Amino acid sequence: MVETRECFPFGCLLKYLFTLLGLILFLLDIVLDIGTVVSFYQDGAYVYMAVMIVLLLGSSVLLQVFSWLWYAGVIEISTTDFLHRINNFRKGVWHSIRDDVAVKLKHDFLMLRLFEAFSENTPQLTLILSRILQRGELELITGLKILTSAAGIAFSVTLYHRSMHVYSSQGRKMSWISTGVYFLWNLLLIIPRVTALALFCSVLPCYIIAHFLSLWMLLVFVAWSQKTDHMKSPGWEWLFRAAVGLIWYFSWFNVSKKGSIKVKMVLYYIFMALDTMMLLGFWCRKVFEYAGCWSSLNPCIVIPTLLGLYVIGILVQMIYYRTFHPKIAEPNLTDSTVSSLEDIAAFVFIIYLKSQQTTVPEPLDL
């Protein structure tokens with residue numbers, strides 16, 4: 001008798017570690033949020049403390065609203081599934097839509113994580129960087145907060161993208177190498193954008209609000225032009241578009257399959273590159289006005305570095321979509337043949353039941 005040994009499930013281990021890392025980053029982010037608020041209070045930076053609290057509360061309210069709306073949708077699907085089961089039981093047919101509920105729950109959870117990353121973590125990161133640039137010194141807790149926020153943002157985007165491939169009906173799955181590359185180019189593109197916003201905010205703190213509102217409203221209009229339909233009510237759909245505009249203020253996020261995705265991505269990154277250079281230009285002008293800033297940050301070094309990171313991120317992104325992006329799985333002839341035979345058999349069986357409708361007994365009530 002030949003003994004067989006099963007291979008160690010490294011894929012399951014990596015998936016477990018990946019999920020565990022996300023939980024650790026989430027818990028660490030909560031602890032550092034509290035520490036940052038306390039640090040602002042101790043330094044007497046009450047305006048920054050107030051903005052930090054507003055970001056925390058605003059993000060929490062946004063997530064709760066979407067959570068309740070999508071939770072109500074899940075209850076509706078579950079109720080429909082229950083009634084569907086009862087109806088099928090009476091007809092002697094066994095079919096369930098419970099899998100749709102699981103997929104919807106997973107998608108909504110990942111979408112909430114994405115909203116949290118760009119409504120709380122990314123603005124916080126911009127705020128903390130701006131405060132550090134104004135003070136000219138870096139503390140341990142703020143340094144940890146910066147690293148955790150940056151990693152958490154890129155991690156949330158990568159996890160959403162990877163999970164959408166895993167639960168896709170087209171059978172496309174990302175390898176761990178492609179996941180790492182995807183994480184890298186997102187990190188390389190997010191860092192220059194957030195840093196440019198922080199530099200601009202450090203010298204023109206009042207104008208960052210005007211910049212955000214004007215650009216955000218434009219991005220919400222673009223989201224409306226994409227004819228998104230993720231919510232059942234038109235009113236709540238505008239809330240979704242507002243959240244998409246907030247994400248687009250920092251990073252790319254595809255919300256519609258209409259039109260060419262490549263063209264939309266190219267236009268987005270060109271526009272954001274011009275906006276980022278404009279922010280750096282205003283910061284550079286203020287640096288020339290305040291000679292003391294030359295001792296800590298030299299625009300001749302900072303600006304080329306950030307633009308270089310942006311270009312490298314674009315190149316890594318191009319490499320990802322050319323080499324590592326999962327391809328659409330080709331349909332399996334055997335599976336499609338079997339599926340067709342099953343459909344034919346089911347169709348014949350239904351015709352048979354219709355013809356024998358007067359003699360078919362009702363299901364026994366056990």
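User: What share of the contacts in the chain with a separation of 6 or more comes from residues 24 or more positions apart?

Analyst: Residues 24 or more positions apart account for 74% of the contacts in the chain with a separation of 6 or more, a contact being heavy atoms within 4.5 Å. This is a predicted model, where local features need pLDDT of at least 70, side-chain atom pairs count only at pLDDT 80 or more, and totals for chains, interfaces and linings use all residues. Residues are numbered from 1 along each chain as its sequence is written, and side-chain values use heavy atoms, without hydrogens and water.

User: What makes up the secondary structure of the chain, and in which pattern?

Analyst: The chain has 10 helices and 0 strands, and along the sequence they follow the pattern α-α-α-α-α-α-α-α-α-α. Helices (H or I, at least four residues) and strands (E, at least two) are DSSP runs, numbered from the N terminus.

User: Why are α5 and α6 called oblique to each other?

Analyst: Helix α5 (residues 176-203) and helix α6 (residues 207-225) pack at an angle of about 135°, with their axes 9 Å apart. Angles under 35 degrees count as roughly parallel, over 145 as roughly antiparallel and 65 to 115 as roughly perpendicular, so the rest are oblique, and α5 and α6 are therefore oblique to each other. Their meeting residues are R193, L197, F200 and C201 in α5, and Y207, I208, H211 and L215 in α6.

User: How do you know whether Q317 is buried or exposed, and which residues does Q317 touch?

Analyst: Q317 has its place in helix α9 (residues 299-324), and its relative accessible area of 6% makes it buried. Leaving out residues up to four places away in sequence, Q317 touches W185, M265 and Y269. Over the whole chain of 366 residues, 40% count as buried.

User: What sets the phi of K227 apart, and why is K227 called buried, exposed or partly exposed?

Analyst: K227 is found in the loop between α6 and α7, and its phi is near 55°, a positive value in a residue other than glycine. Most residues other than glycine have a negative phi. With a relative accessible area of 46%, K227 is partly exposed.

User: How do you know what span is expected for helix α7, and which of its residues are buried?

Analyst: Helix α7 (residues 234-248) has 15 residues and reaches 21 Å from its first C-alpha to its last, close to the 21 Å expected at 1.5 Å a residue. In α7 the buried residues include E237, F240, R241 and W248.

How values were computed. Axes are lines fitted to C-alpha atoms, for helices over the stretch in contact, and angles run from 0 to 180 degrees between N-to-C directions. The expected span of a helix is 1.5 Å times one less than its number of residues. Buried means under 20% relative accessible area, exposed over 50%, partly exposed in between (1.4 Å probe, protein chains only).
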